[in-house]
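Biologist: I am new to this structure and would like to learn how to read its features. Could you take me through some of them?

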Amino acid sequence: MKLWILRHGEAEPRANSDAERRLTGHGREQVLHSAAQLLGQPLLAIIASPYVRAQQTAALVHETLGFAEPVLTVAWLTPESDPRQVIAEVERLGLEQVLLVSHQPLVGGLVGLLEHGHLQQPAAMSTASLAELEGDWPLAGLMTLRALHHAP
């Protein structure tokens, strides 16, 4: 299985709530750069946080790739979600090629947990960073980090 984990692009610093923060122009450019890394990949699903900046990020990737299926929005990909719950949800889906679009600190913790088997070594995920993990199944400590792309 391959799992790609994408942090949203740069977002405006303030809004009425954290969930309402939107991508900046630079954030959109960052996302397009990261989306280019996914061209030609056999994705089966794009799954995103309900927060506006993650939805905008997922929509840009969706459009760039010409992805046929709609983006799936889930409550378990918000910044404070538990990485263990995310792994359980991805396992439950049973899909082989998935892109998750979310936020820090979740994305760093999730990559670290999948790669190392614990939460003490989160991956450094800046805005629009894209992690590519591979393994037989999405289990803590049993996936290999193949690449970590950082947007300019």
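**Reading the features**

Modeller: Glu-89 has a relative accessibility of 17%, so this residue counts as buried. Keep in mind that the model is predicted.

Biologist: Which residue forms a salt bridge with Glu-89, and how far apart are the closest N and O atoms?

Modeller: Side chains of opposite charge can pair when their charged atoms come close. Here the partner is Arg-92, with the closest N and O atoms 2.9 Å apart. Both residues lie in helix 3, 3 residues apart, which is about one turn of the helix. Arg-92 counts as exposed because its relative accessibility is 59%.

Biologist: How many salt bridges does the structure hold?

Modeller: There are 6. One of them joins the side chains of Lys-2 and Glu-132, at 2.8 Å from N to O. Lys-2 belongs to strand 1 and Glu-132 to strand 5, so this pair ties together parts that are 130 residues apart in sequence. Both Lys-2 and Glu-132 are buried.

Biologist: Which way do the side chains of strand 1 point?

Modeller: In a regular strand the side chains alternate between the two faces of the sheet. In strand 1, Lys-2, Trp-4 and Leu-6 point one way, while Leu-3, Ile-5 and Arg-7 point the other way. All of these are buried.

Biologist: Which strands pair with strand 1, and in what sense?

Modeller: Strand 4 (residues 97-102) runs parallel to strand 1 and is joined to it by 6 bridges. Leu-3 stands opposite Val-98 there. Strand 5 (residues 130-134) pairs with strand 1 in the antiparallel sense over 5 bridges, and Leu-6 stands opposite Leu-130.

Biologist: Now a loop residue. Is Thr-78 buried or exposed?

Modeller: Thr-78 sits in the loop between strand 3 and helix 3. Thr-78 counts as buried because its relative accessibility is 16%. Its side chain makes a polar contact of 3.0 Å with that of Ser-81. Beyond its neighbours within four places in sequence, Thr-78 is in contact with residues including Tyr-51, His-103 and Leu-106.

Biologist: Where is Leu-106 placed?

Modeller: Leu-106 is in helix 4 (residues 106-116), and is buried at 2% relative accessibility. Among its contacts beyond four places in sequence are Trp-76, Pro-83 and Val-86.

Terms used. Residues are numbered from 1 along each chain as its sequence is written. This is a predicted model: local features need pLDDT of at least 70, side-chain atom pairs count only at pLDDT 80 or more; totals for chains, interfaces and linings use all residues. Side-chain values use heavy atoms; hydrogens and water are left out. Helices (H or I, at least four residues) and strands (E, at least two) are DSSP runs, numbered from the N terminus. Buried means under 20% relative accessible area, exposed over 50%, partly exposed in between (1.4 Å probe, protein chains only). A polar contact is a pair of N or O atoms within 3.5 Å; within protein, one must be able to donate a hydrogen and the other to accept it, and residues adjacent in sequence count only if both atoms are side-chain atoms. Contact means heavy atoms within 4.5 Å. Two strands pair if DSSP finds at least two bridges between them. A salt bridge is a side-chain nitrogen of Lys or Arg within 4 Å of a carboxyl oxygen of Asp or Glu.
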